[in-house]
Structures are given as structure tokens and as C-alpha cells.
Amino acid sequence: CAAGMVLSVLVVLLLSVLYEALKMGKAVLLRRALLALPRSLSQEALTEPQEGDTDPAQSSPSVMGFPILSHRWFRYHVGQTLFHVVQVVLGYMVMLAVMSYNAWIFLGAIAGSTLGYFV
């Protein structure tokens, strides 16, 4: 019975580490996705146009007023979506384990989260 408890704590610890690693991976992927955006969307859209300047959205190809994004950005967005789904599932699994109200499982989740953030 003690071996099962140790195994359970280790599994929760590893799930927590993986959850934190996914959070960091998602942040890295977001940064890469923002770098893949065309300049007119990522930077020029945030600045106000000067008088006499042409609207950057009008000069770039668009469909129904929405600019066409690059294929590279779309792949990053799909990757972010998959990371988010896995992160949510892992988060709920860790939450359900903690809701067992077992102190050792709780400590395993805390230790895994701490270790995952540290690494």
C-alpha cells in the first residue's frame, strides 16, 4: 500500500512539472508567433497613422477587411492551441488529485509545481 502511495505522489509530481513546462513552452511559442506576424499587424497597427499616410491595412492583402496572415503564423497558432488544451487537461488532473484531500498528494503537487517552475 505504501508503494502505491509513493507512486501516486511521484505521478502527481511529474504531472505538475509537466504542467509548468507546458506553461513555459506556450510562452516561448507565443513569442515566436508574434515574431512571425507581418510587420503591419504586429507593430504598425499599434501606432496611429499620420496625416497623408496611407492606411497599412489597405496596402496589405485582406479578405473582408481582415488581413491575410502568413501560413507560418497559422502553424504557431495551431501549436499554441494544442499546448493550451494539454495544459488545461493536466491542470484539471492535478486539481482532481489535490481534491482527494491527501496531504502527500498535495505536497507532491506543490513540489512538482515548484520544481517545474525552477527548471
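## Reading helix packing and burial

Author: Glutamate 20 is buried, with a relative accessible area of 7%, where buried means under 20% relative accessible area, exposed over 50% and partly exposed in between, computed with a 1.4 Å probe on protein chains only. This is a predicted model, in which local features need pLDDT of at least 70 and side-chain atom pairs count only at pLDDT 80 or more, whereas totals for chains, interfaces and linings use all residues. Residues are numbered from 1 along each chain as its sequence is written, and side-chain values use heavy atoms, with hydrogens and water left out.

Reader: In which element is the place of glutamate 20, and which residues does glutamate 20 touch?

Author: A contact means heavy atoms within 4.5 Å. Glutamate 20 lies in helix H1 and, when residues up to four places away in sequence are not counted, touches Ser113, Gly116 and Tyr117.

Reader: Is glycine 116 buried or exposed, and what does glycine 116 touch?

Author: Glycine 116, which is found in helix H5, is buried at a relative accessible area of 7%. Its contacts, again not counting residues up to four places away in sequence, are Val17 and Glu20.

Reader: At what angle do H1 and H5 pack, and which residues in H1 and H5 meet?

Author: Axes are lines fitted to C-alpha atoms, for helices over the stretch in contact, and angles run from 0 to 180 degrees between N-to-C directions. H1 and H5 pack at about 35°, with their axes 7 Å apart. A crossing is left-handed if the near helix is turned anticlockwise from the far one by less than a right angle, and right-handed if clockwise; H1 passes H5 in a right-handed crossing. Among the residues that meet, H1 contributes Ser8, Val12, Ser16 and Glu20, and H5 contributes residues including Gly108, Gly112, Ser113 and Gly116. Sorted by class, this contact of H1 with H5 has 11 nonpolar, six polar and one charged residues, where Ala, Val, Leu, Ile, Met, Phe, Trp, Tyr, Cys and Pro count as nonpolar, Asp, Glu, Lys and Arg as charged, and the others, Gly among them, as polar.

Reader: At roughly what angle do the axes of H1 and H4 cross?

Author: The axes of helix H1 (residues 2–36) and helix H4 (residues 71–98) come within 9 Å and cross at roughly 160°. Angles under 35 degrees count as roughly parallel, over 145 as roughly antiparallel, 65 to 115 as roughly perpendicular and the rest as oblique; H1 and H4 are therefore roughly antiparallel to each other. Their crossing is left-handed, and the contact of H1 with H4 has 17 nonpolar, seven polar and four charged residues.

Reader: Which residues does glutamine 80 touch?

Author: Glutamine 80, in helix H4, is buried with a relative accessible area of 15%. Not counting residues up to four places away in sequence, glutamine 80 touches Lys26, Leu29, Leu30 and Ala33.

Reader: Which residues in H4 and H5 meet?

Author: The axes of H4 and helix H5 (residues 103–118) come within 8 Å and cross at roughly 150°. Val94, Ala97 and Val98 in H4 meet Ile105, Phe106 and Ala109 in H5, and by class this contact has six nonpolar, no polar and no charged residues. Valine 94 is buried, with a relative accessible area of 14%, and, leaving aside its neighbours within four places in sequence, valine 94 is in contact with Leu15, Ser16 and Ala109.

Reader: Is tyrosine 101 buried or exposed?

Author: Tyrosine 101, found in the loop between H4 and H5, counts as exposed at 75% relative accessibility. Its phi is near 60°, a positive value in a residue other than glycine.

Definitions and conventions. Helix = DSSP H or I, 4+ residues; strand = E, 2+ residues; numbered from the N terminus.
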